[in-house]
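Trainee: Can we go through this one together? I'd like to start with the overall picture and then look at single residues.

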Amino acid sequence: MTAPLTPSQPPPHDPDWPPPPPPLLGPAGDPITAAEVVQGIVVTIASAVAGALLGLLWLWQAPHVKLISDGKGVYLRDSEGEAAIGADGTFVLLALAFGAAAAVLVFLLRRKGGVPLVLGLAAGGVLGSLLAWWLGSSLGPTANVVAHAKQVGPNVTFDAPLELHMAAAAMLAWPLAATVVHLALTALFGPRDPEPEGPWAP
């Protein structure tokens, strides 16, 4: 005589069996669908690719630090210049504009919003900023200042490498602007939940 087999899953009406975990919900209480996750991934990739344009604009618009060599050392052409700060400021302003533009575009294409879109804007902004930083620095003047000074000769002004001195803060400008603007647009102009109907409605 053998004991009856124990079922692997108790019946759903068994009060001792814990209920299944609830699905992930969006801001409106709706479950997050696979289509929304795909949309968030697309937004991430598109924002990251747009970082190439940011890098080119930064290279074109940012002021460059001027250096000069006397044949023995390399010095700042203008020790009181603000070009280094200007390069950081230019990157931050451009990144803020890119983040706001990305948020407006995503909102116009997908007014319902959703958590995946917000995460896509944030992640894409960080990746786009990193790509812009790398591209602008790579296409700008060489980082080998000594070799560049020898190439141009003494007493000749040349451009210093394009750098970000506040890189951590600059990397947050795009994702911060994108998420804040998108959330504001969704709160102001997004679809509203339908009013409840029936005798229990206020």
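Predicted model: local features only at pLDDT ≥ 70, side-chain atom pairs only at ≥ 80, totals over all residues.

Trainee: How many helices and strands does the chain have?

Mentor: There are five helices and three strands. Along the sequence they come in the pattern α-β-β-α-α-α-β-α.

Trainee: And what share of the residues is buried?

Mentor: Of the 202 residues in the chain, 32% are buried. The chain exposes about 13,100 Å², and 69% of that comes from carbon and sulfur atoms.

Trainee: What about contacts between residues 24 or more positions apart?

Mentor: They make up 79% of the contacts in the chain with a separation of 6 or more.

Trainee: On to the core. How many residues are in the largest nonpolar one?

Mentor: The largest nonpolar core has 23 residues. Leu54, Trp58, Phe91, Leu164 and Trp174 have the most contacts inside it.

Trainee: Which helices supply at least two residues each?

Mentor: H1, H2, helix H3 (115–139) and helix H5 (167–189) each do. H2 gives the most to this core, with seven residues.

Trainee: You listed Phe91. What does Phe91 touch, leaving aside neighbours within four places in sequence?

Mentor: Phe91 is in contact with Leu54, Trp58 and Leu164, and also with Ser129, Ala132, Trp133, Ala170 and Met171. Leu54, Trp58 and Leu164 are also among the residues with the most contacts inside the core.

Trainee: Where is Thr90?

Mentor: Thr90 sits in helix H2, which spans residues 83–109. Beyond four places in sequence, Thr90 touches Trp58, Gln61, Ala62 and Pro63.

Trainee: Is Thr90 buried or exposed?

Mentor: Buried, because its relative accessibility is 15% and the cut-off for buried is under 20%.

Trainee: Why does His64 count as partly exposed?

Mentor: Its relative accessible area is 23%. Partly exposed runs between the buried limit, under 20%, and the exposed limit, over 50%, so His64 falls in that class.

Trainee: What does His64 touch, not counting residues up to four places away?

Mentor: The contacts of His64 are Leu59, Ala83, Pro141, Asp159 and Leu162.

Trainee: How many residues separate His64 from Leu162 in sequence, and what is the distance in space?

Mentor: They are 98 residues apart in sequence, and the C-alpha to C-alpha distance is 6.8 Å.

How values were computed:
Residues numbered from 1 in each chain as written. Heavy atoms only, no water. Buried < 20%, exposed > 50% of the residue type's maximum accessible area, 1.4 Å probe, protein only. Contact = heavy atoms within 4.5 Å. Helix = DSSP H or I, 4+ residues; strand = E, 2+ residues; numbered from the N terminus. Core = buried A, V, L, I, M, F, W, Y, C linked by side-chain atoms within 4.5 Å. Areas by Shrake-Rupley, 256 points an atom, 1.4 Å probe, with all protein chains shown as cover.
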